[in-house]
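I opened the model to look up a few local features, and I note here what I asked and what I found.

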Amino acid sequence: MAKRDYYDILGVPRTASEQDLKSAFRRLAKEYHPDRNPGDKDAEQRFKDLNEAYEALKDPQKRAAYDKFGHAAFDHGMGGRGHPGGGFGPDFASSMSDIFDDLFGEFMGGRRGGQRRGTSRERGADLRYNMEITLEEAFTGKAAEIRVPTSVACETCSGTGAKAGTKPSTCPTCGGMGKVRASQGFFTIERTCPTCVGRGEVIDDPCPACSGAGRVMKERTLQVNIPAGVEDGTKVRLVGDGEAGLRGGPPGDLYIFLSIKPHSFFQRDGADVFCKVPISMTTAALGGQIEVPTLEGTMSRVKIPEGTESGKQFRLKGKGMPVLRSKSVGDMYIQVDVETPKSLTRRQRELLEEFERESHKETSPESAGFFARVKDFFDNKNG
């Protein structure tokens, strides 16, 4: 089967610029990445085709050869595939590192601690901390203290990784570039330097406290301010409180994932709060007032009109949740649930029976109307 044109795979014209190629690859690679399409063989193959096409066209020399000779330019291993059999070998992974760092090296808005060529300063990883709070704490906000086990800069070597009195030296293999090149046919293949692993520097005499990493494990105590109005699943970012970077590199960030405990009275829907309140049959029939709790810790009065049915909602304006980073406040809705009397005394039963005998259509129009329609239905059916 003839192979598809690389430009067609990326969905760009042959006159596309390098930026157009990169933008098309980024968009499609995100869409067909295996992590987003688990078990989808078609998406997996599409992702491999995208990688192969972009690898061939992003290099000006390879692109010129492809434009002139087509797929025949790579029949002898001079480009196209980074590994025999269509897989992805180490050379291919190295040449693709920049674009994959851009695409998938982000964690909730912050870049991960991937390698940065030609430098020993590698950013630390982002960390995650799960915190559970109450609905009242989400209503008022909260100042909390948390303990996070993480890596911090080594005090002995000040994060350099080198023994006191020494310092890292330039890598002799790559001359500090963090990458090496090798000619292969008409093309030059660029790889991560195997000696310094892309850092551009080597440590001849590592720090004994951190074994040359420039960081050590330690439990940190941090202060966290949870703003009022947060919802379940809200993320709070603490910049620079993540893992320390390797050998003096900048630290990552700490992300606190919030979850809100279920409440015994209230249910939340965005900024609105709902509360189901049982009322007696006599209150529903005769009307009256009830007092209900609010998230403010106070009680509010709700007027119940006579003839209130079960399921009726009453709105308390401005008694809901505050909206995060806003002056707006939601409402509170009280839903009444009319309770049927139980465990009646003899006198109570007599009174209800007397009430039943005195009842007529006006007191229970819904039930009277329903049974009247049922009687008419069967009368017409039998007639």
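In which order do the 4 strands of the open sheet lie, and what is the pairing? I read the order as β12-β13-β17-β16, with mixed pairing. Before going on I note that this is a predicted model, in which local features need pLDDT of at least 70 and side-chain atom pairs count only at pLDDT 80 or more, while totals for chains, interfaces and linings use all residues. Residues are numbered from 1 along each chain as its sequence is written, and side-chain values use heavy atoms, with hydrogens and water left out.

**Sheet.** I looked up the edge strands and found β12 (266-269) and β16 (313-316), each of which pairs on one side only. Two strands pair here if DSSP finds at least two bridges between them, and strands themselves are DSSP runs of E with at least two residues, helices being runs of H or I with at least four, numbered from the N terminus. Neighbouring strands of this sheet are turned by 30 degrees against each other on average, direction ignored, the axes being lines fitted to C-alpha atoms and the angles running from 0 to 180 degrees between N-to-C directions. Strand β16 is joined by 4 bridges to β17 (residues 332-339), and the two run antiparallel. I also noted that phenylalanine 314 stands opposite isoleucine 334 in β17.

**Positive phi.** In the loop between β16 and β17 I found arginine 325, whose phi is near 55 degrees, a positive value in a residue other than glycine. With 76% relative accessibility, arginine 325 counts as exposed, where exposed means over 50% relative accessible area, buried under 20% and partly exposed in between (1.4 Å probe, protein chains only). Valine 197, in the loop between β7 (187-192) and β8 (201-202), has a phi near 55 degrees as well, but at 37% relative accessibility valine 197 counts as partly exposed.

**Glycine 233.** I located glycine 233 in the loop between β9 (215-226) and β10 (235-238), and its 41% relative accessibility makes it partly exposed. Asparagine 130 is 103 residues away from glycine 233 in sequence, yet their C-alpha atoms are 9.8 Å apart in space.

**Helix α2.** Which residues of α2 are buried? They are Leu21, Ala24, Phe25, Leu28, Ala29 and Tyr32.
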